Amino acid sequence: MVKPLKKTNKPQSNLQLRWHGKIAEKEIQAISKIIKQDNIQIVDLKFNDLPGLWQHFSIPVTELYEIDDPVKSIWIEGIGFDGSSIRGFQKIQESDMILQLDPTTAVVDPACEVPTLSIICDIYDPITKKPYTRDPRYVAKKAAEYLRTTGIADISYWGPEMEFFIFNDIRFDQTENAGYYFIDSIEGEWNSGRDEKPNLGYKPRYKEGYFPVPPHDSLQDLRSKIILAMIKAGIGIEVHHHEVATAGQCEIDMRFNTLVKMADNCLMYKYIVKNIAKKNNMVATFMPKPLFGDNGSGMHTHQSLWKEGKNIFFDPKGYALISQTAKYYIGGLLKHAPALMAFCAPTTNSYKRLVPGYEAPVNLAYSQRNRSAAVRIPVYTQNPKTKRIEFRPPDSSCNPYLAFAAMLMAGIDGIQNKIDPGSPLDKNTYELSPEEADSVPTVPGSLEEALGALDKDKGFLLKGGVFSPDVIEVWLEYKKEKEIDSVRLRPHPYEFYLYFDI
């Protein structure tokens, strides 16, 4: 047992952090340095609910250093919160939960004016002292560990391409007698004729927003501010650019990372995008399909497996330089894709995007280079370290901890059972003949179909206890009651156009 540390009035120096019963001098030294250099006053504790939204509360920085008494130390005992108020968590009679701080995630908060240290937390049960089964981060950790136990690989790497819109105005409401939304953007093609005193033009046409320079791309500087904040928060960034749609569709690509760390980065990414947009009097959304008639926002997810420092997806003699192991992994993704969509495209709005013709693949096939296939194999380079596969149906409305874990489990199942993905489809899947199209399976056409597929095909997720049965049960229940039924029961504005005079 570690002896209690002596109390000191100078917490910034010569302290040892006891975290889950272990000495972690490196972490406390790094945190102490941040606190001293940045004059940190507040510590913000972040965790995410089951659907995938960050939650938080804050404590004075002095609370980090109550370490002379193990009972009082939040590094040892954690800090309590009400789990019954968090979506997908506890019932009212079992509401007490514990947050355990992960010191490796500590960074200066990129959104707060008061100097604030941001720390991501894991969730524990206060009675059993065990990790909480419905903590999405715990599910992701179990998936990463399960991969190691299989002997297939030591580690997986992930590189999601997160797309989003930045608008200038958004209004929406739904009452008993009214329902509407209104989106506006200075870039919106629909504003080309508006009297803006003056209207300066340069509004990207529908489906022509990909890569034009400023002034067409009016968000260049804003995205640059965003990526600089991301880099400062420890997120590796490779590129940013305008995306295909009019009205401010953007993409910022992160450098690949391990499963849990990348999921952490995805939450920080969304946090930074939303807050910097708001500070510039704009609003960002990761909703997959906010606009009718133009491209939606996806989250094409690059992934690879490594063992003993080598990329096991690479084979210099394989199709598109991928190995047989990579093919089996693809086979698992394609076989389980209908169930995967319940986690990877988990909103009713996701299926407004997953329709043919908008570069969002619905056909379950694989191919090199071909962006109309559900699985694309990039061939930019022959470097073994860069060989990966890209699963394209997911979108950023997902909880990344659950989505990455589910994709990994599907891929592992494909390898374990040697699931053959068939022959590659090296033609535009949207230009297939009717006979060819009938032979290619597709993703579900609705969230309801995806949840039904998950209910029937969940065994691969339960392996190794990665997804516990209660996580899947609560997910199915929550999505049906809170989302599918809520949307289904309300009249749609376009129904009035179709049916009011019937």
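Start at the hairpin of β16 and β17: two residues sit between the strands, and glutamate 308 has a positive phi near 50°. This is a predicted model, so take that angle as the predictor's version. Strand β17 covers residues 310–311 and runs antiparallel to β16, with two bridges joining them. Within that pairing, tryptophan 306 faces asparagine 311 of β17.

Now stay with β16 itself, residues 299–307. How much of the strand is buried? Eight of its nine residues are, so the rest of the structure largely encloses β16. With β9, residues 155–167, β16 forms an antiparallel pairing over eight bridges. One point to find on screen there is tyrosine 157, whose bridge partner in β16 is serine 304. With β20, residues 389–391, the pairing is again antiparallel, over three bridges. Here threonine 301 stands opposite phenylalanine 391 in β20.

Phenylalanine 391 takes us to the packing, as one of the residues touched by methionine 341. Leaving out residues up to four places away in sequence, methionine 341 also touches Pro346, Tyr351, Leu354, Pro393, Val443, Pro444 and Ala450. Which residues touch the most other members of the largest nonpolar core? They are Leu340, Met341 and Phe467, in a core of 103 residues. Apart from that one lies another core of 25 residues, including Ile31, Leu64, Phe89 and Ile123.

Next, proline 400. This residue is in helix α8, which spans residues 400–416. Is proline 400 buried or exposed? Its relative accessibility is 5%, and the cut-off for buried is under 20%, so proline 400 counts as buried. Cysteine 344 is 56 residues away from proline 400 along the chain, yet their C-alpha atoms are separated by 8.1 Å.

Last, confidence. The average pLDDT over the chain is 90, and 92% of the residues score at least 70. Residues 1–21 have pLDDT below 50, and that stretch makes 47 contacts in the model beyond near neighbours in sequence. Residues 67–72 are also below 50, with 16 contacts of that kind.

Notes: Residues are numbered from 1 along each chain as its sequence is written. This is a predicted model: local features need pLDDT of at least 70, side-chain atom pairs count only at pLDDT 80 or more; totals for chains, interfaces and linings use all residues. Side-chain values use heavy atoms; hydrogens and water are left out. pLDDT is the predictor's confidence in each residue, from 0 to 100. Contact means heavy atoms within 4.5 Å. A nonpolar core is a set of buried Ala, Val, Leu, Ile, Met, Phe, Trp, Tyr and Cys residues joined through side-chain atoms within 4.5 Å. Buried means under 20% relative accessible area, exposed over 50%, partly exposed in between (1.4 Å probe, protein chains only). Helices (H or I, at least four residues) and strands (E, at least two) are DSSP runs, numbered from the N terminus. Two strands pair if DSSP finds at least two bridges between them.
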